[in-house]
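Reader: I have a chain open on my screen and would like to go through it with you. Could you take me from the overall fold to single residues?

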Amino acid sequence: MGTSSGSLFLYEPPSWNLQRVVVVSDAGLPVSSVAVSPSGKFVVAACAGGPVVAVNVHFGRSVLGHTLHAGADVTALVWSETGAFFVSGDSAGRVVRSVIGGGLSLGNQSLVWFTSPSRSP
């Protein structure tokens, strides 16, 4: 689970013993959203203000990170059914699709998939 200090605590079921602590935000931004991949191999976490990080649970290392939500709070994190990618959405209307490639960091990429049009009052 995430913390207000920018770290992610990874527990292993069924004993729920703490396996490792992963720093998601070097700036200490609070973790606001967390989603586990369908395989359980990856955890993606979003911090207040926009940074998003995907972590390989086994190695406890970041395999993908982006700041495409900078300046907005991430309000949704959803994995695809296969776990090949995840989608993140923010309070500014941006939707980002992030792909986790094979291995630890090969072929990873993130791109803005959609941005809602600005609304006039």
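Predicted model: local features only at pLDDT ≥ 70, side-chain atom pairs only at ≥ 80, totals over all residues.

Author: The conversation below goes from the chain as a whole to its largest pocket and then to individual residues.

Reader: Fine. How many helices and strands are there?

Author: The chain has ten strands and zero helices, and its pattern along the sequence is β-β-β-β-β-β-β-β-β-β. Both kinds of element are DSSP runs numbered from the N terminus: helices are H or I with at least four residues, and strands are E with at least two.

Reader: How much of the chain is buried?

Author: Of its 121 residues, 38% count as buried. Buried means under 20% relative accessible area, exposed means over 50%, and partly exposed lies in between, with a 1.4 Å probe and protein chains only.

Reader: What about contacts across the sequence?

Author: Among contacts between residues at least 6 apart in sequence, 30% join residues at least 24 apart. A contact means heavy atoms within 4.5 Å.

Reader: Change of topic. What is the volume of the largest pocket, and which residues lie nearest its centre?

Author: The volume is about 250 Å³. Twelve residues line the pocket, and Phe9, Leu10, Tyr11, Val36 and Val43 lie nearest its centre. Strand S1 (7-12) and strand S3 (31-36) are the elements that give two or more residues to the lining, and S1 gives the most, with four.

Reader: How is "pocket" defined here?

Author: On a 1 Å grid over the protein atoms alone, a pocket is an open set of points where a 1.4 Å probe fits, with protein on both sides within 12 Å along at least five of seven lines; lining residues have an atom within 4 Å of a point. Grid points are joined across faces, edges and corners, and the volume is the space filled by probe spheres set on the points.

Reader: Now Ser88: buried or exposed?

Author: Ser88, in strand S8, counts as buried because its relative accessibility is 0%. Leaving aside neighbours within four places in sequence, Ser88 is in contact with residues including His66, His69, Val74 and Arg94. The side chains of Ser88 and His69 are joined by a polar contact of 2.7 Å. A polar contact is a pair of N or O atoms within 3.5 Å; within protein, one must be able to donate a hydrogen and the other to accept it, and residues adjacent in sequence count only if both atoms are side-chain atoms.

Reader: What does the side chain of Arg94 reach?

Author: Arg94 lies in strand S9. Its side chain reaches the backbone oxygen of His69 at 3.4 Å and that of Ala70 at 3.3 Å.

Reader: Where is Asn56, and which backbone nitrogens lie by its side chain?

Author: Asn56 is in strand S5 (residues 52-56) and is buried, with a relative accessible area of 9%. A polar atom of its side chain lies 2.9 Å from the backbone nitrogen of His58, and the backbone nitrogen of Phe59 lies 3.0 Å from a polar atom of that side chain.

Reader: Last one, Asp73. What does it touch?

Author: Not counting residues up to four places away in sequence, Asp73 touches Ala48, Gly49, Gly89, Asp90 and Ser91. Asp73 is found in the loop between strand S6 (61-66) and strand S7 (74-79), and counts as partly exposed because its relative accessibility is 42%. A polar atom of the Asp73 side chain lies 3.1 Å from the backbone nitrogen of Gly49.

Terms used. Residues numbered from 1 in each chain as written. Heavy atoms only, no water.
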